Structures are given as C-alpha cells and as structure tokens.
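Here are my notes on the model.

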Amino acid sequence: MLNPQLHLNPKLFDADVEQKPIRDGYGDGIVLAGDSDKNVVALCADLMESTRSEAFAKKFPERFFEIGVAEQNMATIAAGLGVSGKIPFIASYATFSPGRNYEQIRTTIAYNDSNVKIAGHHAGISVGPDGATHQATEDIAIMRVMPNMKVFVPCDSIEAKKATLAAAKIWGPVYLRFAREKSPVITTEATPFMPGKAQIFWQSKKPQVVIIACGVLVYNALLAARELEKEKIGTVVLNSPSIKPLDEKTILGLVSKYPAVVTVEEHQIHGGLGGAVAELFAKRHPVPMEFVGLKDTFGESGSPKELIEKYGMGVKDIKNAVIRTLKRTYEV
Amino acid sequence: MWGMKPIHDGRLEYLEELANKIREKVVEMLLEAGSGHSAGPLGMADIFTAFYFHILSHDPKKPMWAERDRLVLSNGHICPVLYVTLAYAGYFHLEELKTLRKLNTRLQGHPHRLALPGIETTSGPLGSGLSQAIGMALAARLDSTHSTSSGQGKYRVYCLTSDGEHQEGNHWEAVMFAGKNKMNNLTAVVDRNNIQIDGFTENVMPLESLKAKYEAFNWNVLEIDGHNMRDLVDAISEAEAIYEKPTVIIAHTIPGKGVSFMERDYKWHGKPPNKEEAKKALHELRTLGRRIKSEHE
C-alpha cells in the first residue's frame, strides 16, 4: 500500500489522476527561489517557454539573461555569476546542457566550485517525437561522476518545485533533471522533500523485492508494485530523487531485510541510478539486482508511451525484472 | 580602478625593472618545475606588471575584498607569470614559487581558484574566460543598481586572453553576448603574439582581421604595443570612458620576450628551459640583452 505518512496523492491510481509536466515544477520553483533571494538569477539558451523560464523572466526581467543558442556560453557566464555572489540557474535541454557544455561545467562550475544550478530539461526518452538527438539518456551518468556535483531527479512537478527550491539553498553545483511530458502528480504539497533522502512510497505487507526508482518512471514502478501485490509478490517502492548524494542508509536498511533489487530510470542502465546503487551494493551488501532502463542504445521518434514500452521501461518490464531478481535470490 | 593616473617617469623605470625581475623568476620556476609554458609568460610580463602594480584596485591582504577589480586569466597555461606577479604583489611569499606543479602545491599547473588567493577563476581549457568575466561584470551591474549594501558592484572586470584561444567557439559566443549587452564594465586584452602550440596562428587557423571581427560584434577596439605599459594604461583609461561598448585591447607582444632564442619561436610555447637554456636566459635577462654589465657578466 501507499505510505500513509507521506501524504501522497490520494487519487494516484484513479483514471483521472492529475497530470502535469515535471518541468512545470522548475518554472514554479525558480520564481519562488527568486522571491526569497534577490541573488537568484536565471539564464536560458533560446528555450524560455519549453524550459519554463518564462515566468521568472517576466517577474524579474533584470535578473534574467537570454544567452541565445549558446550553451557553452550560458554555463561559463553562469560560472562567473556564481563566484560573484549570485545563484544562477541555467536551463536548456539536457542533451545540450550538460551535453554540449560538459567541459565548461566540469572546469568552470564543478572544479571551480561556482554556485550554479544546472537544469536539464526534456531528459529521457519520453521527449518522444523529437527523436534520439533530443533524448538525453546519459546525463545522470555524466553529472554523477563529476566531483562536487549533486544530482536530483524529481518524480513529479511538485517534487520538482521542491528540488529546485532546495537547490537554490544548497551551496555549490547542482544538476536537476526534468522530463517534458505530462505525467501523474504523485506527491502533494504536504509530502516532505529532503535533499539526499529517499522515501518509501509503497510497501506491501510481505515485501520480497525493493524497487528503487527516480523521475517519471516512479509512477510505472508504483503501478507494477500494485499489480504484483495482486499476484502475491510483495515489494517496496523507494523513490530516490537524490542520485548524488545517494541515501545509502535507507537503501542498505531495506536490502538487509529484502535482499533483491530492481532499479528503474529513464536513462541508460549504465552509470545512472542503477550504477550508483550497484556500486553501493558491491561495496557494502551484494544482492541480486536487475536494471530497468535503456540498454546501451539510443532512442528514436515515437510517442512517449510507445517509446517507454519499446525500450523496456513499461509496467510489464518492471514486473518481469522483479520476478527475475526474485528467482535469482532464491537460487542464491 | 576608476580615474586612473598615467605612469610618471620614475615609476615607469621601476615597473620595467620589475617586469624584468618577473621574467627572471618565470625562467627560474619553469626550470625548477621541469614542465610548463615559457613563451607566453615572458611575453605577458609587462602587461601583468602594469595590471597588478598600476591598473587594478586590489588588496593582497584582503584577496576576497568585495570591491576589488577582477582580473580573469582565460589562457590559464601562462599562469607562471600570474603566480610570480601575485607573489611580488604580496599575495604569498616568493619562496613558494619553487613549488610550481609539484605535489601538494597551491601553484597548480593551471590556475585553480580554490587553491590560491588572488585567483579569480579556474582556467586552462581555452575559450571560457571571457564569458566568466561577463558573468562577473553582470553581477557587478546587478549589485550596483539593485543592492543597498555599500561597496558591491563597484568593480571593473578585465579578461586576459590569448590569440590562439580565439579559435574556440565559446569565446565568440562571449564576444557576441558582450557586444549585444554593451558590457562597458568589462575590458578584454588579447595577447596577440601570433604563436600557438602547433605553429603560427595565421598558419594553424588565421585570426585576421581580428580588429574587424571584434568591431563587427559591436566592440570598441584599441591596438597597442604590449610591452609599452604607458600605452596599456592609456588604453585602459580610454576603455573606461566608453559607455556604449565593451573594449578589447589587442596587445601586440613578442612571445618569449627578453630571451633572444625564445623570442617569436612557437616551439617555446609549451616547454620549459633546461638547465643550460635557463642559465643563458637568465644571463640575458640580468644584463638586459647584454646592454648592461652585471655581476653575471
């Protein structure tokens, strides 16, 4: 059942569950951050509307900078602002930022410890018809491996708003990852969000497998858990918006009781959430583990739903992964 | 520094001697380090001297002073001259120069902001300094118009760039932005020494006409002899007086300046002198190209 303590959306499993793009939370979040701190500034590379930077630009025109189609310049101008007392948020599609400007982020933001927040929009394969050029599926990995960088992947628009606000308050570089499409609103305003913490969204009476998920696919993980319960397979669904730092304590606590794990993310299975969790297990508590995500392949054009199914990240795929890891656990 | 005074005669002599001492130290530290770049640091010694001993408003005792002028070194590989100048200015002891590029040093092979006071930004990968300087200049603008706290935003930003790094796309993105946004609190200086690692810039990837290129992007362009400190100070003063555009000063310099066998030879871009070469170089520097006799003669 859903965790009653987290005040999740009571209509979560209804057909008419509220749907909102996760990126909307970024737009709401930077306006709130701008209200509470005059040093918050926003930069955008010719994608004001689709990165939801518009409301901030309207409300704080003197604190908004249109950089044009120049992601390297956006990152480095932000680096200069960030060492001069400002809290810059830079927004573009994740394939371009942190895709194209990786080295600028590495040298002038991360190594330089400039207080810049990087918003990677349209991340994941669910960008849909634009095709693989615009589907960032490596961004968690390239940001997670960077020293001094924190990585947050919110699961819905409300969590995205809270993560954006939290990023403004944390000193130092942060990467925030947002999906484009409308997706179910899982949390509510009352749901707590703490950077570095994972939360149990679902727990069956007799859990056997832990599903660790982030981003838009947390919803599919919950749907899978619900169906599995009807099939007498118990699970825990852990929402892990903080990829770095990873909530090691919560994760290790769960696997010590339920030693079978499936990670779920709209990202390559290498180097992202799954990679972070696998590194932790290898070091501290090896358990059978399955990875749901893109399997070393690029995406293509299609509708978000079609793509999620075709590339093995649908509800059925998560269920199958749970069953596989369960079998492996008993064989061990 | 607002309302800059020209350099008077006695002061000029002192600064020129200091620039020469800085060159000597650059040679000594490169020999000690066993790796690093020679030509650029020697070529830029006069410009660094003029900045830290005449142009910049700064305080080595308070390196994070909010009102300090910012000097961004974009082409970080010429950092030996930055380190020596900072040491002479009083940021740290000259003795520490010997630690360049060694384990646990604050004098990293390319400058790192968190390692050493006086470094405004981490640099090395080329073409990213001008945009960071723009970010600092934007912050100054915001602070001067919107802040009530005193002292904030009252600084100018200078960016030193190499000619070779004008081959980077990131640099031209910055040029475009600064021109459009009339960044008049920002002045760039190009070390136009015509060399880069693989050869002469005009052979590797031509940059001319550099002046026309900047003008096309709405910059005010001044050209100077990069070894004439008075020229530089005049140009900086002129740049301050121009409100409609950012200014770029194209400083024509001689790479390896002061050491005859290094001058204008691109092979000295990225290597240090060996013991014998250093001895020869120091002898030339200490005798001002054998024009004067010294105890080394």
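1. Which strands does helix α9 (residues 229-241) of chain B lie across? Helix α9(B) lies across β3, β6 and β7 (247-252) of chain B, and runs at about 170° to β6(B). Axes are lines fitted to C-alpha atoms, for helices over the stretch in contact, and angles run from 0 to 180 degrees between N-to-C directions. Contact between two residues means C-beta atoms, placed from the backbone, within 7 Å. Helices (H or I, at least four residues) and strands (E, at least two) are DSSP runs, numbered from the N terminus.

2. A word on the basis. This is a predicted model, in which local features need pLDDT of at least 70, side-chain atom pairs count only at pLDDT 80 or more, and totals for chains, interfaces and linings use all residues. Residues are numbered from 1 along each chain as its sequence is written, while chains are lettered from A and ligands numbered from 1 in the order in which they are written.

3. The sheet in chain B. It is an open sheet of five strands, paired in parallel, in the order β1-β2-β3-β7-β6. The edge strands are β1 (70-73) and β6 (220-225) of chain B, each pairing on one side only. On average, neighbouring strands of this sheet are turned by 20° against each other, direction ignored. Two strands count as paired if DSSP finds at least two bridges between them. Strand β2 (residues 157-162) and strand β3 (residues 186-192) of chain B pair in the parallel sense over six bridges. There, S162(B) stands opposite D191(B) in β3(B).

4. G40(B) deserves a look. This glycine sits in helix α2 (residues 39-43) of chain B. G40(B) counts as buried because it has 27 C-beta neighbours inside 10 Å. The cut-offs are these: a residue is buried if 20 or more other C-beta atoms lie within 10 Å of its own, exposed if 12 or fewer, and partly exposed in between, with C-beta atoms placed from the backbone. Leaving aside neighbours within four places in sequence, G40(B) is in contact with N75(B), H77(B), I78(B), S162(B), D191(B), N193(B), P255(B) and H269(B).

5. The contact between the chains. Chain A gives 25 residues and chain B gives 22 residues. On the side of chain A that touches chain B, the elements giving two or more residues are α3 and α4 (102-111) of chain A. α3(A) gives the most, with eight residues. That side divides into nine nonpolar, ten polar and six charged residues. Here Ala, Val, Leu, Ile, Met, Phe, Trp, Tyr, Cys and Pro count as nonpolar, Asp, Glu, Lys and Arg as charged, and the others, Gly among them, as polar.

6. Helix α3 (residues 71-82) of chain A is mostly covered, with twelve of its twelve residues buried. Its twelve residues reach 16 Å from first C-alpha to last, close to the 16 Å expected at 1.5 Å a residue. That expected span is 1.5 Å times one less than the number of residues. α4(A) is also mostly covered, with seven of its ten residues buried. Among them are R106(A) and I109(A). Just after α4(A), D113(A) takes a positive phi of about 50°.

7. Strand β14 (residues 289-294) of chain A. Six of its six residues are buried, so β14(A) is largely enclosed by the rest of the structure. Strand β13 (residues 261-268) of chain A pairs with β14(A) in the parallel sense over five bridges. Q268(A) has L294(A) as its bridge partner. With helix α9 (residues 273-284) of chain A, the two strands make a right-handed β-α-β unit.

8. Backbone points to check. Most residues other than glycine have a negative phi, and most peptide bonds are trans. A cis peptide bond joins S97(A) and P98(A), with omega about 25°. The bond from K244(A) to P245(A) is cis too, with omega near 0°. K182(B), not a glycine, has a positive phi of about 45°. N218(B) has a positive phi near 70°.

Key: Right-handed = clockwise from strand over helix to strand, strands pointing away.
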